[in-house]
Amino acid sequence: MQDHGYFRRSLAALAACAIAVPVIAQAQDDTLVVALPTFSEQTMTPWGGSGQRKTYLDTVYEYLVYLDAEGNTEPGLAESWTVENDGTKWTFTLRAGVSFSDESCGTVTAEDVKYSIERLIAEDSRAGPASTMRRIIDTVEAPDALTVVVNLSAPDFLLDAGYFGEAQQLGIVCKSYAEAQGEAVDTAPPVGTGAYVLERSVDGSEITMVRREGDHWRVDPQWERISFRAVPEEATRVAMLRAGEADIAPVNFDSIAGLEGAGIRIVSAEKTWSPVIRLGGVVQTDAERFNTELPWADRRVRQAMNYAIDKQAIIDELFAGQGTVANGDTPVAAWDSVPPYPYDPEKAKELLAEAGYPNGFDMVMKTFTTTPGAELPLMAEAAALYLAEVGINVTIEPTDWPSVRSEWTGGGKLDFAMTHRGFPFPNPENGVEAGFSTRSLFASFTSDDLEAKLASLAAETDRAARREKLTEIGQYIRDEAGAIFMVLANEPYGVGADVGDWSIDTSYVYNFDRAGKAE
Amino acid sequence: MTRLILGRLAEALAALLLMSLAIFLLSRVTGDPVALLLGDGATAEDRDLLIAQLRLDRPLWEQYLSFLGNALTGDFGQSVAAGRRDALELVLDRLPASLSLAAVALGFTLVTGIAMGVVAAITRGSAVDVFVRIVALLGQSVPAFWLGIVLIYVVAVHWGWLPTSGYGTPAHYVLPALTMGTFTLAAVTRLVRASMLDALGSEYIKLARIKGLPEATVILKHALSNSLIPVVTFMGAFFATMITGAVVVETVFAWPGIGRLAYESIVSRDFPVIQTVVLVITACFILANFCVDMLYLAIDPRMRDRG
Amino acid sequence: MQKITFHAALVLLALFVLTAVFGPYLVEHDPLKGSLRARLEPPLWAGGSAEHLLGTDRLGRDMLARIVSGARISLTVCVVVIAIAGSIGTAIGTLSGYVGGWLDRILMRLVDLALSLPVILLALLIGAVSGPSFGNIVLVISLVLWSQYARMARGETLRVKNEDYVDLARTSGLGHVRIIARHILPNIAPALIVVATLQVGVVIVLEASLSFLGVGVPPPNPSWGSMVADGRSYVVTAWWVSLFPGIAILLVVMAVNIVGDALTDRINPALRGRTA
């Protein structure tokens with residue numbers, strides 16, 4: 001009976017750990033130990049869960065397109081590619097001779113890529129971008145072993161840097177292996193083209209990758225093993241860095257000074273996320289979701305809230321100076337020219353009085369932590385202090401992401417604000433849609449003008465014009481104060497002395513397989 | 001005797017059912033995991049699709065009954081947040097880590113607590129006694145997570161004697177067990193001390209001394225065995241305290257146990273896993289209490305008739 | 001020696017209550033408002049200024065003011081929880097002991113059940129349902145503690161039930177309710193008070209753990225427990241954020257336990273083995 005099996009296994013496991021096996025936790029000389037807050041779902045397929053798993057999955061799987069330090073595209077598993085038909089047809093020519101870690105899989109072929117795409121956008125896929133990708137991808141063809149043709153239902157000029165790039169979740173898997181595994185594929189050892197393979201996985205505790213034999217076409221891995229540990233408590237991760245038990249770990253901004261004092265250097269992913277305060281209920285294009293009673297239904301009030309907060313002080317104090325004042329809800333290169341709101345509490349009071357709230361008003365702000373985003377509750381309290389000075393009384397309600405998200409995307413007229421982080425979409429057009437278009441469940445601010453601009457952007461086929469339109473949209477959202485824009489922040493990582501060169505250039509591109517060794 | 005055991009079994013079943021219903025209802029009230037699982041750009045259609053996939057659109061009673069029905073065959077459903085992995089397997093994978101830690105912590109607590117309590121009682125009024133009592137008071141006043149973090153910094157980072165966190169070697173057990181057991185250690189110490197003082201002053205002991213029995217025998221054989229009874233009485237409560245402290249300790253020390261799993265599944269609204277974890281933990285509790293009851297009956301036959 | 005400690009503990013407790021009641025009116029800083037530029041300032045003797053004697057927390061709020069206000073919050077939570085858990089537990093226990101028979105068996109099974117459930121998980125779920133709030137904290141901690149009162153009340157009721165004066169009351173025709181109210185309750189009260197004092201520490205420490213898990217007293221309210229939890233990332237760099245509220249907790253819990261122990265000794269030494 002099944003029960004006996006479990007019982008016996010548990011007893012055996014119990015005995016095993018009681019007797020104790022060495023190996024596991026020692027930071028061996030040739031093991032790069034990375035302490036992460038979470039493994040997320042700890043499943044081994046690209047479609048099996050969130051993008052947070054890319055920390056470990058990206059050492060095993062590879063992508064069609066890679067990005068350089070400036071964000072420009074580089075050939076990956078696709079050697080070259082073209083886009084035609086005004087952005088609705090993409091043709092990728094694959095690199096020949098890239099072998100999977102499992103010999104029976106041979107080298108990467110168009111069939112593998114087609115399969116990977118189709119699994120990623122399938123209805124049971126748990127990947128973040130699955131639903132949006134499902135909407136734009138019409139068909140995928142594999143006319144020959146090294147050619148993949150993707151037909152889209154709407155133009156997307158940034159498919160290479162976006163969905164098919166290394167910052168998203170289209171890791172290429174071996175079709176024959178995945179099919180052979182059937183239902184168990186999500187938990188089976190992953191087979192990819194990356195420089196590492198899975199050595200061991202202990203649920204909720206450790207995932208260790210070991211370097212493959214021979215040379216790799218893309219990276220020259222310095223470390224024989226990369227061992228990921230799940231360490232939810234930040235204070236513990238900092239302790240691990242200081243004790244030399246971990247080589248790399250994400251840390252809070254407040255821990256930076258102490259770590260630097262202890263000889264641990266800080267490597268930051270620059271401006272990869274944006275803590276923001278979203279104001280609910282201003283979906284002006286949907287009568288069901290537009291709450292006209294709200295004080296911030298009036299644009300002047302939203303602008304006032306932006307003027308009232310000294311964002312630079314918040315950056316200096318809460319983010320250790322690592323960030324810039326935000327002009328939007330997410331870092332977008334095309335929005336660099338959009339000026340952020342200055343700190344001007346007098347102007348804020350003026351605007352409030354104009355809008356009919358000379359004595360301010362009361363409001364609720366819900367807050368929670370995400371990864372990254374441990375600072376969000378702190379930021380909420382700081383923002384509340386500033387808003388109080390112009391008469392806006394904020395009640396902070398700490399909660400958790402699932403609860404708020406349920407409410408936020410549940411339809412209906414919202415009446416609260418929430419702290420959140422801006423979407424790090426490598427294709428900013430998708431990010432803007434997710435945040436500000438009527439169709440998205442998540443949108444909190446929309447308007448007819450914005451809908452028109454978004455539609456115009458989607459239909460635009462000239463690249464330069466697209467960028468201009470995107471900038472225009474950024475300016476519009478800023479002027480309309482579609483949210484309380486706070487910070488474009490960095491993500492700090494503590495890095496131990498044993499590690500040489502290592503950098504994170506953009507969100508979700510971790511480069512652990514490229515980490516160097518110190519001399 | 002058989003009636004007693006059967007009675008206990010019936011109660012255990014009732015407890016499990018009650019708990020499963022309570023958790024089922026409570027977790028459904030907290031919302032659903034759908035919003036969390038949806039990608040950022042999801043639309044209403046995507047959400048409906050996911051709800052249907054997770055079968056959350058069926059009426060509550062139907063969901064509960066199907067859960068019960070499946071549970072009886074050993075199928076506790078698939079985790080929603082961990083990629084369709086079998087919920088029971090997920091929980092049982094992590095159970096050994098928690099149980100072994102609780103066992104070590106309990107062992108440490110009992111051995112050290114009893115020793116300290118006895119020493120304090122024997123040397124009543126002395127500096128040692130005062131020291132022990134202060135340590136016991138401290139142990140009951142310090143929040144476990146703070147103690148854990150301080151221990152990590154002092155012992156592991158500053159002195160470098162032990163690993164900071166994680167799981168694997170016997171050395172990894174020390175700090176978490178110490179943290180987990182401190183509160184209970186204090187309680188056991190005070191309990192044993194009080195009982196020993198009681199016993200040492202009793203007629204029975206005076207008689208033994210008059211008889212001329214060696215002091216060591218007096219203390220160990222007679223006084224101690226009597227003072228252990230309250231410890232056994234509270235054993236179930238101690239075990240419970242440890243399990244409740246497990247969530248905090250496992251978080252701080254990155255220990256891959258079910259306490260942490262329970263917390264994470266609650267946060268991600270992973271219903272199948274929440275239900276499974278709670279049921280497994282409840283079953284452990286019941287088993288522990290049952291063992292304590294049996295132990296009690298073995299030690300003190302007078303209790304047998306009281307039921 | 002023992003007398004000195006007992007008196008010292010009493011004084012400390014009195015100080016605690018006084019601080020809780022009057023303290024907030026006497027401190028100069030607002031415990032809820034801080035200045036970002038003044039965050040994480042050390043206490044006076046560690047490089048800080050006289051402006052903030054005990055330093056500031058992570059949002060620049062004065063530590064002294066927060067600890068004083070925290071006394072009030074901690075005291076309130078303790079009092080309310082013990083009142084609720086105590087009333088319910090005592091009621092159930094007394095009834096169970098007095099009536100006996102099948103009612104006793106059922107109620108005690110209920111108590112056993114309560115003790116065999118992992119209440120912290122229920123607490124987390126409840127916290128997840130309605131977010132952290134005073135109401136939730138009280139509900140959750142009461143759930144954990146009521147059974148101790150029930151057990152003690154029952155045991156004591158059983159003991160008192162057979163005493164002479166109760167027999168006398170019964171034979172003279174006094175109604176059950178009056179017997180319980182006039183004769184039983186006053187005589188079991190001392191033991192219950194002991195349980196209550198010993199639980200103060202449990203309540204405060206439990207609240208701290210719940211804050212650590214995110215379901216404690218909601219911000220910006222300065223409960224000692226949530227203050228210790230907030231400061232856990234600064235244990236090395238800004239040790240005062242966790243340490244001072246921690247010391248406050250320590251002092252109050254120790255004092256309460258000393259008093260509780262002394263009361264136990266006075267009232268009924270036989271109880272010593274039955275409370276932990």
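Reader: Why are helix 5 of chain B and helix 6 of chain B called oblique to each other?

Author: In this predicted model, the axes of helix 5 (residues 87-122) and helix 6 (residues 127-141) of chain B come within 8 Å and cross at roughly 140°. Roughly antiparallel would require an angle over 145 degrees, and roughly perpendicular one of 65 to 115; helix 5 of chain B and helix 6 of chain B are therefore oblique to each other. Their crossing is left-handed.

Reader: Which residues make that contact between helix 5 of chain B and helix 6 of chain B, and what is its make-up by class?

Author: From helix 5 of chain B come Met116(B), Val119(B) and Ala120(B), which meet Val128(B), Asp129(B), Val132(B) and Val135(B) of helix 6 of chain B. By class, the contact has six nonpolar, no polar and one charged residues, and since Asp counts as charged, Asp129(B) is among the residues concerned.

Reader: What handedness does the crossing of helix 9 of chain A and helix 11 of chain A have, and which residues make the contact?

Author: Helix 9 (residues 311-318) and helix 11 (residues 376-389) of chain A pack at an angle of about 145°, with their axes 11 Å apart, and the crossing is right-handed. Ala313(A), Ile314(A) and Leu318(A) of helix 9 of chain A make the contact with Leu378(A), Met379(A), Ala382(A), Ala383(A) and Tyr386(A) of helix 11 of chain A. By class, that contact has eight nonpolar, no polar and no charged residues.

Reader: What makes Ile84(C) count as partly exposed?

Author: The relative accessibility of Ile84(C) is 36%, whereas buried means under 20% and exposed means over 50%, so Ile84(C) counts as partly exposed. Ile84(C) lies in helix 2 (residues 63-99) of chain C and, not counting residues up to four places away in sequence, touches Val138(C) and Ser142(C).

Reader: Why is helix 13 of chain A described as largely enclosed by the rest of the structure?

Author: Eight of the nine residues of helix 13 (residues 428-436) of chain A are buried, so helix 13 is largely enclosed by the rest of the structure. The buried residues are Pro428(A), Glu429(A), Asn430(A), Gly431(A), Val432(A), Ala434(A), Gly435(A) and Phe436(A). What covers them includes strand 12 (265-279), strand 18 (445-446), helix 14 (448-459) and helix 15 (463-479) of chain A.

Conventions: Residues numbered from 1 in each chain as written. Chains lettered and ligands numbered in written order. Predicted model: local features only at pLDDT ≥ 70, side-chain atom pairs only at ≥ 80, totals over all residues. Heavy atoms only, no water. Axes fitted to C-alpha atoms, helices over the stretch in contact; angles between N-to-C directions. Helix = DSSP H or I, 4+ residues; strand = E, 2+ residues; numbered from the N terminus. Parallel < 35°, antiparallel > 145°, perpendicular 65-115°, else oblique. Left-handed = near helix turned anticlockwise from the far one by under 90°. Contact = heavy atoms within 4.5 Å. Buried < 20%, exposed > 50% of the residue type's maximum accessible area, 1.4 Å probe, protein only.
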